[in-house]
Amino acid sequence: MRAILSVSDKTGIVDFARGLHEAGVEIISTGGTAKAIQEAGIPVIGISDITGFPECLDGRVKTLHPAIHAGVLAMRSNPEHMRQIDELGVTPIDIVAINLYPFKATIQKEGVSLEEAIENIDIGGPTMLRAAAKNWQDVAAIVDPADYTVVLEEMKNGGISRETRFRLCGKVFEHTAAYDALITNYLNRIQGIEFPRQLTVTFDLKQSMRYGENPHQHAAFYSDALPVGGTLPQARQLGGKELSYNNINDANGALELLREFADTPAVVAVKHANPCGVGTGGTVYECYKMAYDADPVSIFGGIVVTNQTIDEATAKEMAKIFLEIIIAPAYTPEAVAVLTKKKNLRVLELKDIVGPLPAGQFEMRKVMGGLLVQERNTGFIGEELKVVTDRAPTEKELQDAYLAWKIVKHTKSNGIAVAKDGHSLGIGPGQVNRIWATQQALERSGEAVRGAAMASDAFFPFDDCVEAAGKAGITCIIQPGGSVRDEDSIKKANEYGIAMVFTGMRHFKH
């Protein structure tokens with residue numbers, strides 16, 4: 001038997017080579033891999049000894065030769081194949097263990113040049129692996145060091161099984177597909193191509209789940225192949241149960257909203273992917289209390305995220321109710337001790353929780369028979385805020401309006417949000433008409449609604465929402481504008497003395 005070993009990740013390769021040698025397998029190798037094996041006292045045949053051709057072009061050409069590929073691709077069950085390689089003096093190769101140039105690690109380096117990235121695109125490795133995987137019935141193609149032990153054990157017990165060779169074949173094509181997808185996406189990004197003619201994406205399995213949105217649905221959690229700081233896959237869990245599908249979906253929504261408050265202390269509470277409480281501008285304890293008081297019913301069983309270090313006092317306050325998840329950039333040791341006493345509470349530490357995301361982040365949604373792709377909604381208002389009523393908002397009203405606008409941007413449409421004094425009041429999410437969302441938000445705001453600001457994620461088709469706001473005591477409204485009936489809403493706002501501003505930017509969220 002013969003094996004060819006050529007790896008950039010040398011984890012376990014010497015032990016694997018030793019096991020192959022003890023099993024009577026001849027080892028062919030190249031470059032650094034050959035050197036590591038030889039230094040361990042294991043005999044190695046050089047590639048040039050097989051091909052009769054020297055490595056050239058700075059190592060770009062080593063294994064791309066018929067003496068190698070014929071040995072890999074020859075089908076042992078095909079007499080004509082075996083006759084041909086015998087006439088050519090080619091010996092079959094039975095094991096191919098290769099992992100590829102570190103393209104992924106290369107493009108993650110600070111300031112990497114295009115030339116360096118291109119030079120770390122492997123050519124011979126994928127070609128050899130794909131050849132071996134194509135001929136899986138005769139050749140074991142190994143791309144994962146974790147499979148070295150499995151192969152050696154089976155060789156001791158009569159040979160590598162058909163089932164194992166087929167499994168290894170699948171892993172090869174999975175690996176090379178992901179490798180090519182990374183290259184494609186990198187080159188598209190360099191060229192500024194947002195939506196290529198053919199979209200290839202790759203993700204790494206982060207977590208298998210007990211179930212999905214409902215117990216009868218299978219599910220898994222994948223992370224971006226290139227890690228993105230400040231996102232859930234990068235969080236460190238300090239305590240509590242394993243995250244569920246719904247936990248991750250809801251927590252992501254909370255983190256999206258929290259990013260709107262990069263420059264101010266904030267606590268965001270979310271339930272079923274909708275904000276239910278937001279507190280800003282004070283200590284972490286004060287922000288949490290504001291978020292809690294905004295809706296003490298809905299926050300039960302919800303998710304709380306903050307951009308501040310959680311201290312013991314805040315942790316004790318949070319521990320008074322049932323929460324699913326708490327996420328913060330840091331915790332004091334005393335806070336960790338308090339929160340981890342609750343065995344079911346997932347406590348996550350996430351550095352860079354409001355740090356900038358890299359360019360080229362897209363939202364994807366699978367639909368039956370296709371995929372929707374769009375850039376993330378990083379907008380806030382259009383070119384400028386436009387006052388459309390007789391009365392302009394005061395500075396305080398404008399601050400409240402901006403807060404409500406940030407909240408409604410992350411509320412399912414049709415959405416209405418009410419805010420005052422640095423915190424949310426009532427939120428009306430996901431209604432099939434805007435007046436119902438308005439009525440919900442106003443009702444949930446209670447007596448505090450008087451003098452508050454109200455935000456609508458899209459324009460008012462009629463003046464009924466403005467009238468309801470005026471009767472409740474709202475003094476400022478922020479909305480995109482753009483309805484053919486805008487004048488009706490402006491007129492109604494003037495009747496109630498409401499200051500209304502248009503943003504020129506809609507924030508639908510479905």
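His272 sits in the loop that connects β9 (266–271) with β10 (274–280), where helices (H or I, at least four residues) and strands (E, at least two) are DSSP runs numbered from the N terminus. The model is a predicted one, in which local features need pLDDT of at least 70 and side-chain atom pairs count only at pLDDT 80 or more, while totals for chains, interfaces and linings use all residues. Residues are numbered from 1 along each chain as its sequence is written, and side-chain values use heavy atoms, with hydrogens and water left out.

Although His272 is not a glycine, its phi is positive, at about 50°. With a relative accessible area of 61%, His272 is exposed (buried means under 20% relative accessible area, exposed over 50%, and partly exposed in between, with a 1.4 Å probe and protein chains only). Asp421, likewise not a glycine, has a positive phi of about 55°. Asp421 belongs to the loop between β17 and β18 (423–428) and is partly exposed, with a relative accessible area of 44%. Another backbone feature is the cis peptide bond between Ser413 and Asn414, with omega at about -10°; Asn414 is part of the loop between α15 and β17 (416–420).

Helix α17 (residues 464–472) has as its buried residues Cys465, Val466, Ala469, Gly470 and Ala472. These cover an arc of only 165° around the axis and therefore lie on the same side of α17, the arc being that of the directions from the helix axis to the C-beta atoms. The buried residues of α17 pack against α16 (434–445), β19 (453–456), β20 (476–479) and α18 (486–495), with contact meaning heavy atoms within 4.5 Å. After α17 comes Gly473, with a positive phi near 110°.

Turning to the aromatic rings, those of Phe, Tyr and Trp (its six-membered ring) pair if their centres lie within 6.5 Å; planes under 30 degrees apart count as stacked, over 60 as edge-to-face and the rest as tilted. By this rule there are eight aromatic pairs. In one of them, the rings of Phe380 and Tyr402 have centres 5.6 Å apart and planes at 50°, so the pair is tilted. Phe380 lies in the loop between β15 (370–375) and β16 (386–387) and Tyr402 in helix α15 (residues 395–409), so this pair ties together parts that are 22 residues apart in sequence. Phe380 is partly exposed at 24% relative accessibility, and Tyr402 is partly exposed at 28%. Elsewhere, ring pairs link Phe103, Tyr179 and Tyr186 into a cluster.
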